[in-house]
Amino acid sequence: MKPSLLPYLRCPACASELALTTEQSEGAEIMEGQLVCVLSGHRFPVRRGVPRLLSDALSREQEKTASAFGWQTSVPRWKPPFAISAGCPTRT
Ligand SMILES: [Zn+2]
């Protein structure tokens, strides 16, 4: 991410400004670092140039699990339009 992006970013937990600490940069691009909330002290990593602004309560893995679980439960169960019984069908 570019440091010029910083004024537009806010802490997802409390909407305060973030401070940027740089661990590795390529030219003007911050590749590895941390965004630290100036008010709550929440920390958000910058990994491979991408700021990861997820709150502590919802890590990347939890989000994956939640979305997968949500997909499973949102698919309606298939119900046959007729009764299935064991054996051969009988004429009525
Ligand atoms: Zn905060």
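Student: Which glycine takes a positive phi in the hairpin of β1 and β2?

Tutor: That's glycine 27, with phi near 65 degrees, and two residues lie between the strands of that hairpin. Strands here are DSSP runs of E of at least two residues, numbered from the N terminus. Bear in mind that this is a predicted model, where local features need pLDDT of at least 70, side-chain atom pairs count only at pLDDT 80 or more, and totals for chains, interfaces and linings use all residues. Residues are numbered from 1 along each chain as its sequence is written.

Student: How many bridges join β1 to β2?

Tutor: Strands pair if DSSP finds at least two bridges between them. Here β1 and β2 run antiparallel, with eight bridges. Threonine 21, for instance, stands opposite glutamine 34 in β2.

Student: What is phi like in residues other than glycine?

Tutor: Most of them have a negative phi. You'll find arginine 48 in the loop between β3 (43-47) and β4 (50-51).

Student: Why is arginine 48 classed as exposed?

Tutor: A residue is buried if 20 or more other C-beta atoms (placed from the backbone) lie within 10 Å of its own, exposed if 12 or fewer, and partly exposed in between. Arginine 48 is exposed because it has 8 other C-beta atoms within 10 Å.

Student: Which residues make up the largest nonpolar core?

Tutor: A nonpolar core is a set of buried Ala, Val, Leu, Ile, Met, Phe, Trp, Tyr and Cys residues joined through C-beta atoms within 7 Å. The largest one has six residues: Cys11, Leu18, Ile30, Leu35, Phe44 and Val46. Both β2 (29-37) and β3 supply at least two residues each to this core.

Terms used. Helices (H or I, at least four residues) and strands (E, at least two) are DSSP runs, numbered from the N terminus.
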